[in-house]
Amino acid sequence: MIQTDICIIGAGPAGLAATIGAKAKKVTLVEANTTAGRKLLLTGRGRCNLTHIGSIDEVIRAYKPFDRFVRHCIHEFPPQKLRDFFSHRGLETVADNNGCVFPKTDRSSDVKESLLAELKKNNIKTYYGKKINSVKKCDDLFIIESEKITISAKCLIIATGGVSWPQTGSTGDGYEFAKSLGHNIIEPKPCLIPLVTKEKFCSSLAGIGVQAVQITGKIDGKKISSSGPMIFTHSGVGGPAVLDFSRLIAETLDKTKIRLDISVDFLPDLKNDELDEKLAETFSKSPKQSASTVLSDFLPKALARQICEQNRLTKTIAEQINKKTRKTLVENLKNFPFTILSAEAIEKATVTRGGIDIGQIEAKTMQSKLCPGLFFAGEVINIDGPCGGYNLQFAFAAGALAGKSAVEFLNKIA
């Protein structure tokens, strides 16, 4: 039997951060995959969107409705502290125009290697390819069993992720471990996920992206909106704006069938009258051009053709478009209707909504309120944030806090 002070299950960002926070003690890290950070490598399309710039309060507000719970850990380990952590280890970070923070190298593998270097520096004992079968608490010790090893630990940190992207090893094992130790699990739901639409033409535009859109809709009479890039998929729409919108309607998406009418503004930086003026000017400059060709000055060509088709302008040239038709076109560009039927399968979600009930976790330590010496970190907890680095920020902050708190717990009982 392997004896250790702190056992951490899961070598994703939360688990890796926890090992660093717990370095003052003997730490054993166990990972089911044959390598660490498999999901980390895929984030931000391989660029790894680490965090988001802004004041601490602005960042915290982004986590609504979970902002109260994350307040302490984000204050303890805010975005700038995370950036400084990597900077001090030779990995500089940069922020894009949207406030998303990436490693300067644009390689998520560099983030992973920086974290693994810390494991080596701190002599963290790591076991890869060891899927944990059960977790029990016997007297004051946790017994963690796999087919090949058994670990006895004074503290246990569960950082196993949710159920999104199961190909990376996030298969919900942590829920079962927590449940066996008396915890309530909020049913997992898809969050930050592409949406399936009634409109079948989306499949013909699959892969076509729009740099900036604004999506609006209503849930129970309340207007909701999101903005950012959007991309068409074979079954509907995706991209950051859609993923953030899906987070706002996560509870509605949990229903078997939905029909939610939304509106997409393809040119949110232009007011209706400004767009009308620009269209009139562009049409007058190219009177013999097809309407779709002129519209491609504003949108991707394939989307411009589709909008013209929707408005029965496929065979129309610019000089044939009168003021009334132009006004209708403006309205369509600013309020293009879609009907959402469902979300994609939860396995395609970037993040899971649901998991260990935060009412059973102490926000200032990440320790279980039910089982002393047990801590949680990352996506296994019922916490999620919008696109833009917020979910990795929480994973790192919660992991660091859990590791630090586990050390403090051991010092008190020593």
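The legends below describe close-up views of a predicted model.

Local features need pLDDT of at least 70, side-chain atom pairs count only at pLDDT 80 or more, and totals for chains, interfaces and linings use all residues. Residues are numbered from 1 along each chain as its sequence is written, and side-chain values use heavy atoms, with hydrogens and water left out.

**View 1. Helix 13 and what covers it.** Helix 13 spans residues 323–334, 12 residues in total. Helices (H or I, at least four residues) and strands (E, at least two) are DSSP runs, numbered from the N terminus. From first C-alpha to last, helix 13 reaches 16 Å, close to the 16 Å expected at 1.5 Å a residue. That expected span is 1.5 Å times one less than the number of residues. Arg 326, Leu 329, Val 330, Asn 332, Leu 333 and Lys 334 are its buried residues. Buried means under 20% relative accessible area, exposed over 50%, partly exposed in between (1.4 Å probe, protein chains only). Their cover includes strand 15 (260–265), helix 10 (272–285), helix 11 (291–295), helix 12 (301–310) and strand 16 (336–343). At the start of helix 13, a side-chain oxygen of Asn 322 comes to within 3.2 Å of the backbone nitrogen of Lys 324.

**View 2. Tyr 63 and Tyr 390, an edge-to-face pair.** Rings of Phe, Tyr and Trp (its six-membered ring) pair if their centres lie within 6.5 Å; planes under 30 degrees apart count as stacked, over 60 as edge-to-face and the rest as tilted. By this rule there are 9 aromatic pairs. In the pair of Tyr 63 and Tyr 390, the ring centres are 5.8 Å apart and the planes stand at 90°. Tyr 63 sits in the loop between helix 3 (56–61) and helix 4 (67–76), and Tyr 390 in helix 14 (residues 390–413), so the pair ties together parts 327 residues apart in sequence. Tyr 63 is buried, at 0% relative accessible area. Tyr 390 is buried too, at 11%.

**View 3. Phe 201 and Phe 338, a tilted pair.** The centres are 6.1 Å apart, with 45° between the planes. Phe 201 belongs to the loop between strand 11 (195–197) and strand 12 (209–219), and Phe 338 to strand 16. The pair therefore joins parts 137 residues apart in sequence. Phe 201 is buried at 15% relative accessibility, and Phe 338 at 2%.

**View 4. Asp 110 in helix 6.** Helix 6 covers residues 108–121. Asp 110 is buried, with a relative accessible area of 18%. Not counting residues up to four places away in sequence, Asp 110 touches Leu 91 and Thr 105; contact means heavy atoms within 4.5 Å.

Key: A polar contact is a pair of N or O atoms within 3.5 Å; within protein, one must be able to donate a hydrogen and the other to accept it, and residues adjacent in sequence count only if both atoms are side-chain atoms.
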